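Here are some friendly notes to read alongside the model. Take them one at a time, and keep the 3D view open while you go.

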Amino acid sequence: MLRVSAADSRRRKRRLLLLISAIVVPSAVVILLVFRVVRQENELSERRSAEARREALDQLRRELSARLQAVRLEEVNRLIGESGRRLPPESAIVFVAPMMQDRMVLPWEDNRTAQTPAAEFAQMQSEGESLEFQRNDAAGAAAAYRRALKIAHTPSEKCSALLWLGRAYRRAGEALDADRADRATLHDCGAVPDNDGIPHALYAADRLLTKESNDAEAQDYIVHVASIRQWRTPNEAYMLQSLLRKISSPAAVEPLRRFSSEIHDIDLITGLAQNMEDHLGKLQRAFRSAPGDLSWMGYGDEPWLITIVSPTSFAAPVVMAVSSRKVVPEGVTLRLAGSPGAVPLGDGFLDLQAEWPASRFAVRQGMPFTLYGSVLFVVLGVVLLGGYLLLRDVHREAETVAMRSHFVASVSHELKTPLTSIRAHAETLLMGRADTPETTSEYLKTIMSESERLTRLVESVLDLSRIEQGRKSYRMQLTYLGEVVRSAAKTMEYPLSQLGFTLTISSDDTEPTLLADADALEQAILNLLGNAMKYSGGARRIEMRMGSAAREAFVDVVDHGIGITREEQTRIFEKFHRVQSAETQDIAGTGLGLALALHVVEAHQGRIDVVSAPGRGSTFSVRIPLPEQA
Ligand code: ADP
């Protein structure tokens, strides 16, 4: 027992070792290799992507520098004198603003400032205002303003007086006169700004619209002014925007839309002028240290690219803003420093970064992963299958070895049982203890039957050895199936009757004749009959049916014993295989009977079918093709 368990544990260890070396190690190596290759591939594509990014950045820098240089050369000289006019929409330049004592002259700061009125005119103005606002004498005020209008010399005086006059008339209830004065202001004072830089005509338009919201003349004027592309003071821009909002005509929609971006730009520029140091400090310092080198800085949300240049060595330096959207090649976006995912543009571009769409330098992983995944899958599959087959073979081998040793034990036992019986009966006879002729004949029969059993056993062992050496031969001759079956039944008659079995033989009366080795066939049937007897459990009935059907002769051996499970039915024909169960453990056997029977039947081109269920008994059916002429 101890030896067996030691052998068992050795076998288990060997199998574990085999499992590790045949499956685990190769699989691990394959997986490791594939992972390594995939990682290298990824590193490579990451490196490639970084390289592509670097190249794209270099190219962008080159293109951008060239474009900006061209913009600067073309535009600066041409536009520097016309700071009030907005640049045409196709121009990449947003604005150009000269710097005076480190202060930026805003694009809308020009000579459109109101002139100081003459003393006499101012006198009339204050007289009128005092009448209008202190004494509440609108008619008196109107008279004073009329006098002021008469003595007005400059357009600014004239337009102011007209505007006041319109107001005073309206207060005095002179609607017609008020309208006339306002319309005159609307016509003549479009180009004359007041102290806030707002043209007088705009106030007049406002008044006319307040009175009559559909006033066509006022509406046309406002839409016309709004569509002129020029820099406006923030005050004028906001006022125009609120006037455009009052207009219900569709003509105002487009100017209104443009205005919100214009006001946005104005606010940005105002912010820049107010906090030059904050926004452009680095740029100013760079300019001061090397006025000849062109540096660009980002500003605003677009962002604009801003630089400081000296158009000529005598002129004041100029702040120039360029729209990045118009100079940057397609697919690239410029960002201010600090944007996640963007790449610094580097020399000449202070705090500016470039950004490409995420897909442009995406590391391509999809292809290698699926490819190596499938390779891994296939190789692992092959390794696992190979390992499984190897293990199965080894397992079978081990099983056969175990069965062989079990076989030796079984054969010795099988030999001993009949020998003991033969010896006991012979001794009894010798000592003359069998007193009646019946007993003597009984004893002799037992000795005969046990000798036959011994012969069969030895025959089967010899057969096995002949089969294994390929020496087993069959002598085929015409044979009556009925004779073979009856001879087998006769051989088993005595042992069967000893154990109380009844054997019934039925035939379909076809009495088939076979081309067969009668002895071998009888041996095969004997093996089936012997099994029916051994594995009958408590049942004591065995049937044999014979005949022919579908050009085959058949012999069925039917028992009502312990039966065989479906899984075991496929294995019982293997040599040495015996079903291991509580019901079979005490039944002697070698595991050879069915293997030999099958060999014989197959040598006759036949087959053995089994129909069985545990507890219900089994039917073993030998089927052999009939010879042509029969
Ligand atoms: P043995 O009978 O010597 O063990 P066999 O090759 O004749 O060897 O049979 C193989 C196994 O098949 C038997 O051990 C038994 O478990 C099973 N077997 C064979 N015939 C029957 C049967 N008629 N009923 C139940 N089990 C059977």
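1. **A residue at the end of a helix.** Not counting residues up to four places away in sequence, threonine 428 touches Arg433, Ala434 and Tyr443; contact here means heavy atoms within 4.5 Å. Threonine 428 is found in helix 12, which covers residues 366-430. Helices (H or I, at least four residues) and strands (E, at least two) are DSSP runs, numbered from the N terminus. Threonine 428 counts as buried because its relative accessible area is 19%. The cut-offs are these: buried means under 20% relative accessible area, exposed means over 50%, and partly exposed is in between, with a 1.4 Å probe and protein chains only.

2. **What you are looking at.** This is a predicted model, in which local features need pLDDT of at least 70 and side-chain atom pairs count only at pLDDT 80 or more, while totals for chains, interfaces and linings use all residues. Residues are numbered from 1 along each chain as its sequence is written, and side-chain values use heavy atoms, with hydrogens and water left out.

3. **Leucine 528.** Look for this residue in helix 15, residues 518-534. Why is leucine 528 called buried? The label applies because its relative accessible area is 4%. Leaving aside neighbours within four places in sequence, leucine 528 is in contact with Val557, Leu594, Phe620 and Val622.

4. **Valine 485.** Which residues does valine 485 touch, not counting those up to four places away in sequence? They are Ile505, Ile525, Met544, Met546 and Val555. Valine 485 itself is found in helix 14 (residues 481-498), and it is buried, with a relative accessible area of 1%. Now turn to arginine 325: it is 160 residues from valine 485 in sequence, and the two are 105 Å apart in space, C-alpha to C-alpha.

5. **A charged patch.** On the surface, Arg10, Arg12, Lys13, Arg14 and Arg15 gather in a patch of positive charge. One of them, lysine 13, lies in helix 1 (residues 2-79) and counts as exposed at 61% relative accessibility. Patches are made of residues with over 30% relative accessible area and no salt bridge; like charges are joined within 9 Å, and nonpolar side chains (Val, Leu, Ile, Met, Phe, Trp, Tyr) within 5 Å. Accessible areas come from the Shrake-Rupley method with a 1.4 Å probe, and for residues only the protein chains shown count as cover. Lys and Arg count as positive and Asp and Glu as negative, while His and the chain ends are not counted. The place of a charge is taken as NZ of Lys, CZ of Arg, CG of Asp or CD of Glu.

6. **Salt bridges.** How many salt bridges does the structure hold? There are 30, each being a side-chain nitrogen of Lys or Arg within 4 Å of a carboxyl oxygen of Asp or Glu. Arginine 466 and glutamate 459 meet in one of these through their side chains (3.9 Å, N to O). Arginine 466 is partly exposed at 24% relative accessibility, and glutamate 459 is partly exposed at 31%. Aspartate 463 pairs with lysine 472 in another salt bridge, with the closest N and O atoms 2.9 Å apart; aspartate 463 counts as buried at 7% relative accessibility.

7. Within it, aspartate 179 bonds to arginine 170 through a salt bridge whose closest N and O atoms are 3.0 Å apart. Aspartate 179 counts as buried at 13% relative accessibility, whereas arginine 170 counts as partly exposed at 26%.

8. **Backbone details.** The peptide bond from glutamate 302 to proline 303 is cis, with omega near -5°. Proline 303 is found in the loop between strand 3 (296-299) and strand 4 (304-309). Another loop, between strand 13 (541-549) and strand 14 (552-559), holds alanine 550. Alanine 550 has a phi near 50°, a positive value in a residue other than glycine, and is exposed with a relative accessible area of 73%. Arginine 551 lies in the loop between strand 13 and strand 14, and has a positive phi of about 55° although it is not a glycine. Arginine 551 is exposed, with a relative accessible area of 52%.
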